[in-house]
Amino acid sequence: MAAPVLLGFIFLVLYPVLSVIRDSFTSYNPLSGDAAYIGADNYTRLVQDETAIEVAKNTLIFACILVPVNMALALFLAVLLNMHFKGRTTFRAIFFSPVIVSTVAWTIVWKYILQDDGPINYFLGLAGVDGPNWLRDNPWPMMSVVMVQVFKNLGMNMIFFLAALQGVPEEMYESSEIDGANRWQQFKKITLPFISPTILLVAILTIAGAFQVFAQVLLLTGGGPGLSTTVLSYYIFINAFQIFDLGYASALAVCLFVFVMGLTVAQWQIRTRWVFREV
Amino acid sequence: MKSKTNKRYTRRNSKLTGWRLFGMYLLLLAIAVPFLFPTWWMFTASLKPIEEVFAFPASLIPNDFQISNYAEVFRLQPFLRQYWNSMSIAIVVTLITVTTATMGGYAFARINFKGRSKLFVLLLTALLMPAEVTLIPIFRLMVKSGLSDTFLPVILIPAFGAHAVVGLFLMRQFFLDFPAELEEAAEIDGLSRWKVFTKIALPLAGPAIASLAIISFLYSWNLFLEPLVFLTEPNKYTLPVVLPQFTDTYGAPIFNVQLAATSLSVIPVMIVFVMAQRHFIRGITMTGLKG
């Protein structure tokens with residue numbers, strides 16, 4: 001019964017991963033017809049490629065801003081919306097709604113909103129603030145890509161956190177209130193430990209997602225100005241499907257794969273230090 | 001479903017009243033702006049004449065309604081065809097994913113076979129696999145077999161690739177929480193494994209299957225990278241591929257028409273979401289990654 005998914009996995013995940021490793025040792029290029037085995041040349045080229053170094057740096061900056069901002073805001077909203085008041089389901093729906101909008105549509109609209117003469121700067125102007133050219137003046141282009149991505153996907157993490165918060169037994173809060181704990185202490189000593197398995201899962205998924213940001217970069221900034229918003233996944237796309245340097249793109253893809261898997265394994269290893277229940 | 005782990009708590013003691021409630025609304029409304037404003041702006045700007053889109057002072061409601069932007073969408077691109085492409089691909093992807101992931105999820109939750117847990121961990125790596133990593137060899141394979149400019153790759157990749165594993169994971173979670181007694185009773189009555197699955201487990205899995213169907217449909221409907229790489233003829237484009245292409249001959253976007261096309265792709269999904277949002281979010285919470 002599991003056969004269809006397993007077959008799909010073999011042909012569309014396992015086989016491609018193995019071939020991308022193999023291709024990374026070739027000069028494969030469908031335009032020039034080249035497909036020679038060139039050893040580790042792509043990797044030595046990668047280490048010397050100043051663009052690739054810059055791109056790796058951008059990728060890390062992007063992930064390092066996106067992941068904490070996304071998770072903190074998602075958890076904050078989940079805590080607020082787990083309280084008891086009228087209209088909370090409506091607010092849940094509002095914060096979740098960008099998740100169902102396609103990334104392309106969401107990004108197109110934000111591109112207009114972020115224009116120098118667009119609505120954001122118009123409203124900032126009304127408040128007497130001279131807004132920057134969001135998509136041109138560094139460091140705002142990178143911040144804009146992060147922001148667009150945060151608003152797009154935050155709702156999903158919020159729902160994961162909300163589900164976890166609703167699993168915290170009310171009695172645990174009641175007994176700590178008798179002991180005189182305040183709200184913040186309760187949050188730190190009861191809520192956070194209890195939902196730590198979910199925090200771990202959300203962290204793993206958000207980090208993996210951060211390394212895949214693509215449409216936002218392509219449509220918002222095209223990787224610019226200069227290279228300032230070119231991230232690894234976008235650089236792979238350019239090398240693979242615009243200049244068809246598939247051998248080199250494969251080497252970059254192997255790096256991306258190692259990045260993501262390495263981070264996941266690292267998080268999994270350190271989980272025993274702060275995750276209080278088994279996942 | 002009746003198991004203890006599914007009990008839900010909201011903070012009963014934190015019922016808000018008076019000024020605290022007012023402050024909460026104010027805070028939430030302020031945070032809601034960047035979540036709501038883009039959709040509002042997209043729709044209103046799609047009804048404006050082009051000079052008004054970036055006019056000063058900016059208008060929250062169009063001064064001049066120009067419905068013809070929407071007719072322009074269908075004149076510039078075979079948009080109806082592209083809409084149908086997106087719709088039909090998403091329906092096929094949903095049907096395949098629901099079938100295979102439900103069966104697979106059931107197998108991993110209920111049937112003991114050799115190497116099950118190791119196999120499951122291997123499958124989980126697909127959850128984290130960036131699409132860019134697997135796309136290059138798949139592209140090569142598809143070009144070689146002459147399938148690159150067909151719907152096949154944009155159906156197969158979401159229906160059988162990493163996303164199918166996500167589906168399997170969700171359904172496995174559901175069947176793990178499912179009371180085993182029912183099935184055991186049926187087995188004692190002599191029903192085969194397959195019969196137990198189709199007659200007992202499947203009919204009760206309705207809500208989980210519905211959430212999986214929604215997630216799969218949206219995943220395919222919103223897919224961008226794969227159609228962008230594989231589909232090269234405008235007649236075969238899906239919506240996410242065509243939306244950035246509403247440009248004039250110099251490649252500059254025609255703002256209002258592009259936003260009209262974008263609205264046409266977003267608004268039906270939004271309407272369904274607004275009508276079903278309670279079930280929608282509850283379904284995702286239920287099947288979602290619980291702690």
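**Interface and architecture of chain B**

In the predicted model, the contact between the two chains draws on 75 residues from chain B and 80 residues from chain A, two residues being in contact if their C-beta atoms, placed from the backbone, lie within 7 Å. On the side of chain B that touches chain A, the largest share, twelve residues, is supplied by helix 14 (residues 255–287) of chain B. This side comprises 54 nonpolar, 14 polar and seven charged residues; Ala, Val, Leu, Ile, Met, Phe, Trp, Tyr, Cys and Pro count as nonpolar, Asp, Glu, Lys and Arg as charged, and the others, Gly among them, as polar.

Chain B contains 14 helices and zero strands, where helices (H or I, at least four residues) and strands (E, at least two) are DSSP runs numbered from the N terminus. Taken along the principal axes, the box filled by the C-alpha atoms of chain B is roughly 75 × 65 × 30 Å. Among contacts in chain B between residues at least 6 apart in sequence, 73% join residues at least 24 apart.

Of the 291 residues of chain B, 41% count as buried (20 or more other C-beta atoms within 10 Å of the residue's own; exposed, 12 or fewer; partly exposed, in between). B:Ser192, located in the loop between helix 9 (180–188) and helix 10 (193–204) of chain B, is exposed because 11 other C-beta atoms lie within 10 Å. A distance of 37 Å separates the C-alpha atoms of B:Ser192 and B:Arg278, which are 86 residues apart along the chain.

Residues are numbered from 1 along each chain as its sequence is written, and chains are lettered from A and ligands numbered from 1 in the order in which they are written. Local features need pLDDT of at least 70 and side-chain atom pairs count only at pLDDT 80 or more, whereas totals for chains, interfaces and linings use all residues.
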